[in-house]
Amino acid sequence: MKLMDLSLLIAAGASFVVGLLGYIIARFWIKPIARYNITKRKLNHELTQYLAQMTDTVGPEKKKTHSRGNETGRTARKHALNLVTYYGEDIPYWYRLLLDSRKESPTEALVLLTTLSKIRDPEQIIDRIDSVRKKMGLRNK
């Protein structure tokens, strides 16, 4: 009977340790990395919308599109700022090293996005968005 109690105690302790490790990995690795990648996809979506709004319309509709483009640009900058925060504070160090090896830099992307709304030339807008995508390791849709 004592052997059964000891094996039950060992099984309960082992399952507790495994559960604790699972919680730590999920809470401190998986969730922050998932949040970072979801925000990165949102940024790519906003950049695609911004580019479409800035290059599709000409003439009197351009003023309406420009105000929507400013809103889209603000949302893109917000996503980039969130990425910088996640990069600096949330994601694990080993994942940051992986991003550095891929030459992914949310800080440089944010710098490029900060002045995007002041650019009026469509070619420069396209070049700037391509630069941001390159800095973030994003593909064109």
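Let me start with one residue. Glu-108 counts as partly exposed, at 38% relative accessibility. Partly exposed means between the two other classes: buried is under 20% relative accessible area, exposed is over 50%, with a 1.4 Å probe and protein chains only.

A word on what we are looking at. This is a predicted model, so local features need pLDDT of at least 70 and side-chain atom pairs count only at pLDDT 80 or more, while totals for chains, interfaces and linings use all residues. Residues are numbered from 1 along each chain as its sequence is written, and side-chain values use heavy atoms, with hydrogens and water left out.

Now the overall layout. The protein chain has five helices and zero strands. In sequence order the pattern reads α-α-α-α-α. Helices here are DSSP runs of H or I, at least four residues, and strands are runs of E, at least two, numbered from the N terminus. The chain has 141 residues, and 30% of them count as buried. Take the contacts with a separation of 6 or more: 69% of them join residues 24 or more positions apart. Contact means heavy atoms within 4.5 Å.

Next, the salt bridges. How many does a search of the whole structure find? Three. The rule is a side-chain nitrogen of Lys or Arg within 4 Å of a carboxyl oxygen of Asp or Glu.

Start with Asp-90 and Arg-35. Their side chains meet at 3.0 Å, N to O. Asp-90 lies in helix 2 (residues 61-90) and Arg-35 in helix 1, so the pair ties together parts that are 55 residues apart in sequence. Asp-90 is partly exposed, at 28% relative accessible area. Arg-35 is partly exposed too, at 29%.

Then Glu-104 and Lys-40. This salt bridge is also listed at 3.0 Å, N to O. Glu-104 sits in the loop between helix 3 (93-101) and helix 4 (106-114), and Lys-40 in helix 1, so the pair ties together parts 64 residues apart in sequence. Are these two residues buried or exposed? Both Glu-104 and Lys-40 are buried.

Back to Glu-108. Its salt bridge partner is Lys-135, with the closest N and O atoms 2.7 Å apart. Glu-108 is in helix 4 and Lys-135 in helix 5 (residues 122-136), so to speak distant parts of the chain, 27 residues apart. Lys-135 is partly exposed, with a relative accessible area of 30%.

Contrast that with Glu-46, in helix 1. Glu-46 is buried yet has no salt bridge. The nearest side chain of opposite charge is Lys-42, 8.8 Å away. For that count, Lys and Arg are positive, Asp and Glu negative, and His and the chain ends are left out. What does Glu-46 touch, not counting residues up to four places away in sequence? Thr-72, Thr-75, Ala-76 and His-79.

On to the core. The largest nonpolar core has 25 residues, and Tyr-36 and Ile-125 touch the most other members. Such a core is a set of buried Ala, Val, Leu, Ile, Met, Phe, Trp, Tyr and Cys residues joined through side-chain atoms within 4.5 Å. Helix 1, helix 2, helix 3, helix 4 and helix 5 each give two or more residues. Helix 1 gives the largest share, seven. Beyond its neighbours within four places in sequence, Tyr-36 contacts residues including Leu-83, Tyr-87, Leu-99, Glu-104 and Met-136.

Now the outside. The accessible surface is about 9,500 Å², with 62% belonging to carbon and sulfur atoms. Areas come from the Shrake-Rupley method with a 1.4 Å probe, and for residues only the protein chains shown count as cover.

One nonpolar patch covers about 1,100 Å² of accessible area; among its members are Phe-16, Leu-20, Trp-29, Ile-30 and Trp-94. Patch residues have over 30% relative accessible area and no salt bridge; nonpolar side chains (Val, Leu, Ile, Met, Phe, Trp, Tyr) are joined within 5 Å, like charges within 9 Å. Helix 1 (residues 2-56) gives the most, ten residues. Ile-30, in helix 1, counts as exposed at 51% relative accessibility.

Last stop, Lys-103. Lys-103 is in the loop between helix 3 and helix 4. Its phi is positive, about 60°, although Lys-103 is not a glycine. Most residues other than glycine have a negative phi. Lys-103 is exposed, with a relative accessible area of 67%.
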